[in-house]
Amino acid sequence: MSGRILLVTGTGTGVGKTIVSAAIASLSAKAGKSVAVVKPGQTGVSGDDIGDADDIKRLSGVANVREFVRYPDPISPAAAARISGKPTLVMREAAEQIKALAAANDLVLVEGAGGLLVEYNPERETIADLAQLTAAEVVVAVLPNLGTLNQTAMTIEALERRDLRLAGVVIGRWPKQPDMICANNIVDLETIAKRPLSGAIRERAGHLSKPEFLSAADAGLSPAFGGHFDAADFRQ
């Protein structure tokens, strides 16, 4: 029986996709599940530079991490491949590799680049296409600040139009001292998602030690992802 495939996307760049992925991986590994992590396309790194998959490995302790393609320029995978002259990601091949990993693991986490509709190749395929090809559930990482409501609404609308399953909305960087905008956006984010928040991970969690990060993941993710985050308490 194949394991669960969770695809972590976001409303854009820098919203905490890597931290959310690492948090889910960390809690799943603690629960005794076999976990594989995939970064289909990494941009902004070259050679032996540390990429998002490496950060997930460091924070979660999950050793089975894969990166399919990487490009030096910090732009979309399709544009970065065009500039570098390197091959683009073939989405069907990526999907087959992910499904093979799912056949051998309890959970496969796939972290996208940028937002849901960022293009990976000349065929204009996106991480949404990969979600369809793998029948993945989608986790959306968001920010809590000004501008997030429109970005979140567009992302979820794009998911719904493609009949993709939303596994949850997680705030990727919750500030230590949230302002009035952040506090009030919680209710609206839940209204847009048509469900309670699935988590809110403290800001700068990526700078924590592995044990500290595990604790932050437990506090920042709902029971659906192995944590103890309570949306109703958080809303208060």
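Guide: Let us begin at the end of helix α3, where the next residue is G85, whose phi is positive, near 80 degrees; helices (H or I, at least four residues) and strands (E, at least two) are DSSP runs, numbered from the N terminus. The model is predicted, so that local features need pLDDT of at least 70 and side-chain atom pairs count only at pLDDT 80 or more, while totals for chains, interfaces and linings use all residues. Residues are numbered from 1 along each chain as its sequence is written, and side-chain values use heavy atoms, with hydrogens and water left out.

Within α3 itself, residues 77-84, the buried residues are P77, A78, A79, A80 and A81, where buried means under 20% relative accessible area, exposed over 50%, and partly exposed in between, with a 1.4 Å probe and protein chains only. Their cover includes the strands β2 (35-43) and β3 (65-71).

Those two strands lead us to the sheet, which is open, has seven strands in the order β3-β2-β4-β1-β5-β6-β7, and shows parallel pairing; two strands pair if DSSP finds at least two bridges between them. Its edge strands are β3 and β7 (199-202), each of which pairs on one side only. From one strand to the next, the twist averages 20 degrees. Helix α5 packs on this sheet and touches β1 (4-10), β2, β4 (107-111) and β5, with a direction that makes about 170 degrees with that of β1; such angles run from 0 to 180 degrees between N-to-C directions, and axes are lines fitted to C-alpha atoms, for helices over the stretch in contact.

Leaving aside neighbours within four places in sequence, P40 is in contact with F68, V69, L89, V110, E111, Y120, I127 and L130, contact meaning heavy atoms within 4.5 Å.

On the α4 side the contact is made by M91, R92, A94, A95, I98 and K99, and on the α5 side by L130, L133 and T134.
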